[in-house]
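Dear colleague,

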Amino acid sequence: MNKIILTGDRPTGRLHLGHYVGSLKRRVELQNSGDYDKIYIMIADAQALTDNADNPEKVRQNIIEVALDYLSCGIDPTKSVIFIQSQVPQLCELSFYYMNLVSVSRLQRNPTVKSEIQMRKFEGSIPVGFFTYPISQAADITAFNATTVPAGEDQEPMLEQAREIVRRFNNAYGNTLIEPEILLPENSACLRLPGTDGKAKMSKSLGNCIYLSDSEEDVRKRVMAMYTDPEHLRLEDPGKVEGNTVFTYLEAFCRSEHFIAYLPEYANLDELKGHYRRGGLGDVKVKKFLNAVLQEELTPIRACRKEFEKNIPDVYRILKEGSEIAREVAASTLSNVRKAMHIDYFEDNDLIQSQSFNYGKAR
Ligand code: TRP
């Protein structure tokens with residue numbers, strides 16, 4: 001069986017470090033590993049519209065931002081197909097058929113949908129499109145016969161729902177679709193990178209993000225203002241590492257080479273943590289180290305982005321060509337789906353040639 005990746009992001013803002021460690025960095029590694037036969041990376045504008053119906057301009061503007069973030073992180077359009085969801089109408093068609101395989105109460109129980117409804121204060125006035133986006137996401141995945149969906153753990157309920165749809169479809173219409181699996185980040189600090197204020201998640205509305213496209217100075221400022229241990233007031237005080245954002249980020253980003261380069265008096269993160277716990281290590285020193293580590297990671301990304309920014313029409317061309325390929329692949333899946341569902345009337349010769357009608361034969 002082919003190994004196929006599909007994954008994507010809603011274009012509602014520039015991508016931040018949470019996206020980067022949670023999935024983007026991994027995608028690039030997977031792309032370059034050569035282990036996958038096909039890789040599709042989707043800019044989910046149609047999904048973004050499910051909760052931005054009155055702000056299409058925001059979605060439209062952010063398509064290019066997300067594309068630039070992809071390209072500058074090393075997603076290579078000669079190896080991965082980058083496309084725009086709304087340009088593949090087959091995904092809507094597939095969603096429409098899948099809707100018959102999912103109950104309203106099942107959607108209501110989807111934990112991601114539940115918490116997102118709360119977050120958006122949608123209770124009582126949930127847009128139908130938003131409510132059903134797990135179904136459309138199942139269409140996104142299955143249209144490309146994806147076996148593997150690299151994503152953060154918040155996407156786990158989506159994948160579960162997609163697998164259920166696949167099983168129900170295959171049971172009802174015969175083996176047609178492939179059950180996808182999620183591929184979670186390996187490092188637990190990457191599972192969900194907290195915001196710079198220590199809150200559970202980076203989010204634009206909370207203003208606690210570090211963006212991939214932030215300037216060197218902006219990154220430095222964010223790091224220096226990061227939430228640490230509120231009880232670690234004086235240098236000599238013992239400090240807590242758990243729930244200390246600076247250390248969580250270090251867990252996600254730092255490697256032993258970084259110690260050699262920027263903080264040679266410690267061999268590794270465990271030693272640094274030990275000193276912090278004992279007391280005598282100030283936040284500023286740890287933050288400066290984190291800043292050095294992040295700048296090392298972000299500088300090449302920033303430089304690469306600058307190059308792509310010089311030629312925006314080229315980026316749109318990449319998206320257009322990717323969307324054309326995606327359309328062809330999705331159309332071929334749709335044709336299998338129609339056949340399985342016996343709604344391929346005009347391709348069904350038995351149906352067209354059948355001439356015997358049995359009205360009135362029964363006695
Ligand atoms: N829900 C994802 C997000 O919030 C975007 C997305 C849409 C997606 N369809 C997908 C991710 C299919 C993985 C697979 O960013």
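In this model, which is predicted, a nitrogen atom of the ligand lies 2.8 Å from an N or O atom in the side chain of Gln47. The side chain of Gln137 also has an N or O atom 3.1 Å from a nitrogen atom of the ligand, and for Gln155 a polar side-chain atom is found 3.4 Å from a ligand nitrogen atom. Taken alone, the ligand would expose 370 Å², of which the protein buries 91%.

As for where the ligand is found, it sits in the largest pocket, and the elements that contribute two or more residues to the shell around it are β1 (4-9) and α8 (133-143). The largest share of that shell, 4 residues, is supplied by β1. There are 13 residues around the ligand, and those that come nearest are Arg10, Met42, Gln47, Gln137 and Asp140.

Turning to the helix, α15 (residues 283-309) is made up of 27 residues and spans 36 Å from its first C-alpha to its last, which is close to the 39 Å expected at 1.5 Å a residue. This helix, α15, bends by about 35° at Leu298, with a proline, Pro300, following within four residues.

With best wishes

How values were computed
Residues are numbered from 1 along each chain as its sequence is written. This is a predicted model: local features need pLDDT of at least 70, side-chain atom pairs count only at pLDDT 80 or more; totals for chains, interfaces and linings use all residues. Side-chain values use heavy atoms; hydrogens and water are left out. The expected span of a helix is 1.5 Å times one less than its number of residues. The bend at a residue is the angle between axes fitted to the seven residues ending there and the seven starting there. A residue is near a molecule or strand if one of its heavy atoms lies within 4 Å of it. A polar contact is a pair of N or O atoms within 3.5 Å; within protein, one must be able to donate a hydrogen and the other to accept it, and residues adjacent in sequence count only if both atoms are side-chain atoms. Accessible areas come from the Shrake-Rupley method with a 1.4 Å probe; for residues, only the protein chains shown count as cover. On a 1 Å grid over the protein atoms alone, a cavity is a set of points where a 1.4 Å probe fits but cannot get out, and a pocket is an open set with protein on both sides within 12 Å along at least five of seven lines; lining residues have an atom within 4 Å of a point. A molecule sits in a cavity or pocket if more than half of its atoms lie within 2 Å of its grid points.
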